[in-house]
Amino acid sequence: MKRALRICASVAAVAAATATMPVAAMADWLEDAAKPLKGTEISGIFLDRPGYRAIIKLIPEFEKRTGIKVNYEIVPYENAREKEVLNFTSQGDYTMALVDLVWIGEFAENGWLVPVDDLAKDKAITDPNLKLDGFFPLLLEAFGSWGGQVYGLPFDNYSGLLFYNSCKLKEAGFDKPPATWDELMNVYGPQLTDASKNQYAYALQSRRGETQSADSFMRFLWPFGGSLLNAEFKSNLLSKESQAGLQFRQDLMKYMPPGDVSFDHAEAVNALAQGQVAMITEWSAFYSTLADPATSKLGDCLAVAPEPAGPAGRLPALGGFSLAVAAQASPEQQKATWLFIQWATSEDIAKDYVEAGGVSGRMAVYNDPEIKAKYKFVEPMVASWQAGVPEYRPRFPAWPAISEVVAEWGSKMMLGEVTVEGGAKEIGTRMEEILGKEGYYDGKKKLLQ
């Protein structure tokens with residue numbers, strides 16, 4: 001509750017800073033704000049994913065309206081953090097930070113980001129309709145905030161959803177998707193799996209790396225009442241709830257394709273798109289890939305629902321990014337970057353962004369009747385974002401090192417090289433060693449995740 005109150009206070013401060021903006025500035029505020037910055041170049045990195053391809057389509061509009069040049073480099077996710085860290089530690093040329101949910105603690109604590117409060121104090125470069133309270137609260141807290149301070153605005157935000165082939169389910173006698181994980185395994189799994197025909201009920205992206213740790217391992221902790229850490233930051237993986245979730249994942253593998261442990265997002269999405277599996281749990285951002293006839297055979301059979309609920313309720317996967325101004329940028333670049341970030345995440349372009357293939361963090365766009373009618377993922381995604389766990393993956397600076405441990409031993413669990421209990425012990429021991437060295441047990445660091 002204290003954390004939520006701190007975030008609300010920060011949002012209120014920004015609201016107060018923008019409340020006295022002249023009404024006349026509304027329609028052309030961006031052009032007016034950009035006049036002194038014409039010719040300024042800003043730079044950052046994007047990923048090769050639908051949300052970035054969507055904003056790239058719209059960038060020419062921003063450049064035309066502002067005279068600001070947006071330079072971007074498309075980088076694989078696996079290299080993105082390392083590339084940004086190197087740039088920020090060497091005082092490089094990035095003026096904008098792309099911040100994954102699990103990087104926000106590291107980037108903020110190292111002073112690489114400019115707080116939104118500081119930027120919004122300059123009314124000449126702040127949108128009078130910025131409306132931080134227009135973002136889904138869960139997203140603003142999880143992706144853009146750390147220690148009660150807002151640093152970035154939500155961008156390319158994901159909810160875990162159940163994508164399924166409604167035609168396959170109907171052929172098997174089901175008129176709706178499974179509501180619970182137990183139902184998925186014990187009712188739908190046997191009916192939708194026929195190994196002799198290379199047909200399976202479900203695919204789970206589990207490739208070793210962040211995909212294993214975030215998309216596979218963590219997905220089965222929270223809904224079963226488990227978690228990675230307890231309140232004292234010690235491992236909670238040996239609790240009966242965490243063990244139940246991880247064992248469930250292991251048991252569910254009999255309804256997954258052979259080699260599922262090596263599936264990344266592309267392989268899981270393709271397995272559904274080409275008809276090998278009937279269901280996947282994937283990020284909302286992959287809707288456009290599954291709906292595109294060029295990449296998917298699903299057609300009208302594509303359907304979307306919230307992730308199944310576990311014994312602890314529906315606590316879906318949470319992932320995505322925020323865009324933040326880099327502290328290393330010059331004052332002019334910081335202003336220009338702040339203009340771009342506000343525009344890219346604004347309600348003004350949210351509909352265009354969604355129609356171009358992106359997923360906006362703004363609530364208002366999903367009330368648009370055209371958007372609701374056109375995109376099947378909207379209602380289940382909005383339902384998923386009403387509640388959730390901001391620390392679905394810990395967001396502290398130690399996460400990258402811990403993620404490697406989880407990825408290694410989580411993969412070994414799935415491959416049967418170690419038992420669920422044995423793997424959990426190995427992860428717990430190594431994780432606590434990392435957290436101890438980081439100063440979480442001797443009071444040097446606050447227990448923030």
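Is F220 buried or exposed? At 0% relative accessibility, F220 counts as buried, where buried means under 20% relative accessible area, exposed over 50% and partly exposed in between, with a 1.4 Å probe and protein chains only.

Some ground rules. This is a predicted model, in which local features need pLDDT of at least 70 and side-chain atom pairs count only at pLDDT 80 or more, while totals for chains, interfaces and linings use all residues. Residues are numbered from 1 along each chain as its sequence is written, and side-chain values use heavy atoms, with hydrogens and water left out.

F220 has a ring partner. W181 and F220 form a tilted aromatic pair, 4.7 Å centre to centre with 55° between the planes. For the cut-offs: rings of Phe, Tyr and Trp (its six-membered ring) pair if their centres lie within 6.5 Å; planes under 30 degrees apart are stacked, over 60 edge-to-face, the rest tilted. W181 is in helix α9 (residues 181–192) and F220 in the loop between α10 (210–217) and α11 (240–252), so the pair ties together parts that are 39 residues apart in sequence. Helices (H or I, at least four residues) and strands (E, at least two) are DSSP runs, numbered from the N terminus. W181 also counts as buried, at 0% relative accessibility.

The structure holds 32 aromatic pairs. Another of them has the ring centres of F62 and F340 5.2 Å apart and the planes at 80°, so it is edge-to-face. F62 sits in α3 (residues 50–66) and F340 in α14 (residues 331–344), 278 residues apart. Both residues are buried.

Next, a charge over a ring, meaning NZ of Lys or CZ of Arg within 6 Å of the ring centre and within 35 degrees of the ring normal. The charged end of K412 sits over the ring of W409, 4.1 Å from its centre.

Now the largest pocket. Its volume is about 970 Å³, the space filled by probe spheres set on grid points joined across faces, edges and corners. On a 1 Å grid over the protein atoms alone, a pocket is an open set of points with protein on both sides within 12 Å along at least five of seven lines, and lining residues have an atom within 4 Å of a point. The lining has 41 residues, with R49, Y77, E78, E210 and T211 nearest the centre. Domain 1 (34–157 + 319–386) and domain 2 (159–317 + 394–438) both contribute to that lining, so the pocket lies between them; the domain bounds come from an automatic or database domain assignment.

Methods. On a 1 Å grid over the protein atoms alone, a cavity is a set of points where a 1.4 Å probe fits but cannot get out, and a pocket is an open set with protein on both sides within 12 Å along at least five of seven lines; lining residues have an atom within 4 Å of a point.
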